[in-house]
Structure formats: structure tokens, C-alpha cells
Amino acid sequence: MKKYLPALVLDVVVVIVFCAIGRRSHDEANALTGLATTAWPFLTGLAVGWLATVALYRDKFDAFLIVPTGIVVWLSTLVVGMLLRVVSGQGTAFSFVLVAGTVLAVFLLGWRAVAKIVTKSRATTR
């Protein structure tokens, strides 16, 4: 599991970056506490996605795969994140859900796609 720590850290970083960009685009105050308030639902969803993927694909788990890991982590981050935002009284306007879904997909699936391309490129040059 230790070999997947960089993937988990990268997922956490991109979710925090997503939240920071959103807060910045709306000129929201209270930088650290506000970021924590915005990020915790999505980070919880991210954790749920990781746990679900590890549990479902124990012997075949690979954190760097787009399918199934990236898809499960992305959907969990989005769905659980939005549900927790509703429960905690944070906004979930339809446009926000669309933007969040798109940006999280680009971030959470995108780095995995880049990693796959780089890995294939290195394998063919050897």
C-alpha cells in the first residue's frame, strides 16, 4: 500500500487546489478556515472513494488506473462531497455541481491519464 501513497497525496492536493480555486474565484475571506470548510466534504468523499476501491479491488487495486480507481474516486468525491455540503448547509446549486464535476474529473482523472502516457512512453524508450 505504501507504493500508492504518492497517488493518494496527489488526489488530496488536487481536491484542495479545486477548493482553493473556487474560493478564490468568489473572493471569499478567511483563507485557511474557509478552505477547510469548503474542502472537508470533498476530502471525505475522496476518502470514501479510496476505501471503496481498495475494498472492491483488493488483489487488483492500482491507484494509478483511470478505470476503476479514478472513476470511483471521482464520483465518490463529487457525490459524497455534495451530499455532505447539503447536510452542512453549504451551497449545491446545479451550476456548481456541473462545474465541480467537470473540474474534479479533469483533476482526478487527468493526472492519472498523464501518468499512464508517461509510463507508456518510458516503457517504449527502454
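Colleague: Is arginine 122 buried or exposed?

Modeller: This is a predicted model, where local features need pLDDT of at least 70, side-chain atom pairs count only at pLDDT 80 or more, and totals for chains, interfaces and linings use all residues. Residues are numbered from 1 along each chain as its sequence is written, and side-chain values use heavy atoms, without hydrogens and water. Buried means under 20% relative accessible area, exposed over 50%, and partly exposed in between (1.4 Å probe, protein chains only). Because its relative accessible area is 54%, arginine 122 is exposed.

Colleague: Where is the kink in H2?

Modeller: Helices are DSSP runs (H or I, at least four residues), numbered from the N terminus. The bend at a residue is the angle between axes fitted to the seven residues ending there and the seven starting there. In H2 the kink is about 40 degrees and comes shortly before proline 41, at alanine 39.

Colleague: Which helices do the buried residues of H2 pack against?

Modeller: Those buried residues include Leu35, Phe42 and Trp50. Contact means heavy atoms within 4.5 Å. The packing partners are helix H1 (5–25), helix H3 (66–87) and helix H4 (94–125).

Technical notes
Helix = DSSP H or I, 4+ residues; strand = E, 2+ residues; numbered from the N terminus.
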